[in-house]
Amino acid sequence: MPQVPQTFDALAVRTWCRLALEALGRAREEIDAINVYPVADGDTGTNLYLTLESATAAVEAVFEGHEVGAGYGAGAGWEVGGGKPTLADAVRAMAHGALIGARGNSGTILAQLLRGMAQVLAADSETAHTDGPGLRLALRRAADSARQAVAHPVEGTVLTVASAAADAATGAEGDCGTVARAAYEGARAALAATPGQLAALERAGVVDAGGRGLVAVLAALVETFTGEAPRAFAGPAEVHARVAGVSTDVDVDIVGVGIGGVHPDVCGDPVPEEGGPAFEVIYLLEAADAAVARLRDRLDRLGNSLVVVGGDGLWNVHVHVDDAGAAVEAGVEAGRPYRIRITHFGLEDVHTGGPGRPPRERAQRAVVAVVPGEGLAGLYAEAGATTVLARPGEPPASGELVEAVRRAHAREVVLLPNDAELRHTAAAAAEQARAEGVRVALIPTRSAVQGIAALAVHEPERRFDEDVVAMTSAAGATRYAEVAVAERQSWTMAGICQAGDVLGLIDGDVAVIGSDIAITAEAVLDRMLSAGGEMVTLVLGDEAPDAIADRLETRVREGYLAVDTVVYRGGRQGALLLIGVE
């Protein structure tokens, strides 16, 4: 048997995250297929996977940071802690990663479960919570905090499964492995009972999808501390046995998750009522506790499926509403919302259509694009693209791009990464989508303005290859630049810059260093137009001066004949200004 940790330490957190991510990867399609509550949109498994992928990446980043520091310290002849983060470092990174990467109702609740555990495991106290009793406390805090985060808790959901896991762990005496196994068995039993608690599940003949995902995560916790994967949830056989009161203490292979062999794809309407909210709205929010309390009340009046998780000034907000704009405006009044995602529940979602409606047909072709700001996301969406929002320092993972391709629901997809740093991430996503039967063309756009140029010539009626060639040519014929503020002293192609200097970057390299935003922008624009051009695209960030667009438009009009200018508002896009010259 391989060596396993005896107590909860940073390595145990890392192992658990890796094993849980693998487990959710294997179960993703199965969990998506049984997703009927609260909305039958078939994405619970994907959302759980993406949430845990973000948590795992955050933990790996902490380890990598310590390993780099340890190597540097060893070379310099001094000690820096052996290259291993503390338990508090690891669990806080896990919780933060899940919080900023939470997707959907289920992912948001999972993020709060992990945050609840982290609050116990990372607590500053005389007694370290790294053993079996500490894990019991962590599971209890996780279940209670998740329930408190949901505006109107419903039994028969992941909340029920989490509470059952904590209850079972409370009665377990022993090390972390013993407590984890008790929690897993309690969760598994509760999952099998969910169809009897929620009418939508019983009608569809399935167990709760979010609860099924949590059981997979807890199974990974058992394997972390014992080195052995526990017996799998046995689907319909176990559900019937629980109902009949028959012992299930035997190993049974997973044969599905429906009841009585009924698969959700052939069930009738699994949701009790029609006419549910049309939009899912998710955003991160920087706000004080008092403002978030008011926000909860306002969003609760606007819609349903409200979950607000987080704390210490950073929150993840999830709600289903008919008025998506009002939900975002409520966030603006409470603090600073960002990474805003608005998803319209499609025709295939049962809650937005009547019984018997056929599944939505795949579109022939779609464009999926990564964009750096909410304003550009709206612009791209108006042009028909499916967007993935990227915030400064928070690039999307390949799983997010794959999920966007699935959301586009097309046979052919053109993928625009709009960032040179996302080349490999986009390539990995394209390969995954191809493996799922989607024809994908990756156009290596390096800036959002190149993506705009490509999207402008996109014609879905053309042959796929011809469309891709035209879009690639348009992007390649567009030079790109940005104006930003230096965060620190650095060597550049244009010399040494100091923190606070205004930088003009052309085609990715620093070309101009200045002190005034408008003057630097004019210098960048002059350099770009010196080689000719027919169209200038300006994308203004939120922090760009109000008058800069008029000043640059005037300069183009007076200094360059037959050159047109178009201006867009990009929102919180990182750079003060993006410039494209076609």
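# Exercises on a predicted model

At 1% relative accessibility, Gly-580 counts as buried; buried means under 20% relative accessible area, exposed over 50%, and partly exposed in between (1.4 Å probe, protein chains only). This is a predicted model, in which local features need pLDDT of at least 70, side-chain atom pairs count only at pLDDT 80 or more, and totals for chains, interfaces and linings use all residues. Residues are numbered from 1 along each chain as its sequence is written, and side-chain values use heavy atoms, with hydrogens and water left out.

## Exercise 1: the setting of a glycine

Find the strand that holds Gly-580 and list what Gly-580 touches.

Solution. Step one: Gly-580 lies in strand E16 (residues 577-581). Helices (H or I, at least four residues) and strands (E, at least two) are DSSP runs, numbered from the N terminus.

Step two: look for contacts, meaning heavy atoms within 4.5 Å. Not counting residues up to four places away in sequence, Gly-580 touches Val-449, Thr-478, Arg-479, Met-535, Val-536 and Thr-537.

Step three: compare sequence with space. Ile-452 is 128 residues from Gly-580 in sequence, while their C-alpha atoms are 9.1 Å apart.

## Exercise 2: the nonpolar cores

Which residues of the largest nonpolar core touch the most other members?

Solution. Step one: recall the term. A nonpolar core is a set of buried Ala, Val, Leu, Ile, Met, Phe, Trp, Tyr and Cys residues joined through side-chain atoms within 4.5 Å. In soluble globular proteins, nonpolar side chains tend to be buried together.

Step two: the largest core has 87 residues, and Phe-8, Val-13, Trp-16, Met-94 and Leu-135 touch the most other members. Helix H1 (residues 10-33) supplies the largest share of this core, 12 residues.

Step three: take Met-94 as an example. Leaving out residues up to four places away in sequence, Met-94 touches Val-13, Trp-16, Cys-17, Ala-55, Val-59 and Leu-114.

Step four: there is also a second, separate core of 25 residues, and among them are Ala-441, Phe-464, Val-468 and Ala-475.

## Exercise 3: charges with and without partners

Are Glu-60 and Arg-14 buried or exposed? Which side chain of opposite charge is nearest to Glu-53?

Solution. Step one: a salt bridge is a side-chain nitrogen of Lys or Arg within 4 Å of a carboxyl oxygen of Asp or Glu. The count by this rule is 33 salt bridges.

Step two: Glu-60 and Arg-14 form one of them, with the closest N and O atoms 2.9 Å apart. Glu-60 belongs to helix H2 (residues 44-76) and Arg-14 to H1, so this pair links distant parts of the chain, 46 residues apart. Glu-60 is buried at a relative accessible area of 15%, and Arg-14 is buried with 15% too.

Step three: Arg-103 and Glu-403 also meet in a salt bridge (3.0 Å, N to O). Arg-103 is buried at 5% relative accessible area, and Glu-403 is buried at 8%.

Step four: for contrast, turn to Glu-53, in helix H2. Glu-53 is buried yet has no salt bridge, and Arg-103, the nearest side chain of opposite charge, is 7.3 Å away. In this count Lys and Arg are positive and Asp and Glu negative, while His and the chain ends are not counted.

## Exercise 4: backbone details

Where is Pro-38 found, and what is the phi of Asp-312?

Solution. Step one: most residues other than glycine have a negative phi, and most peptide bonds are trans.

Step two: Pro-38 is found in the loop between H1 and H2. A cis peptide bond joins Tyr-37 and Pro-38, with omega about 0 degrees.

Step three: Asp-312 has a positive phi, near 55 degrees, and lies in the loop between strand E2 (303-311) and strand E3 (314-321). Asp-312 counts as exposed, at 76% relative accessibility.
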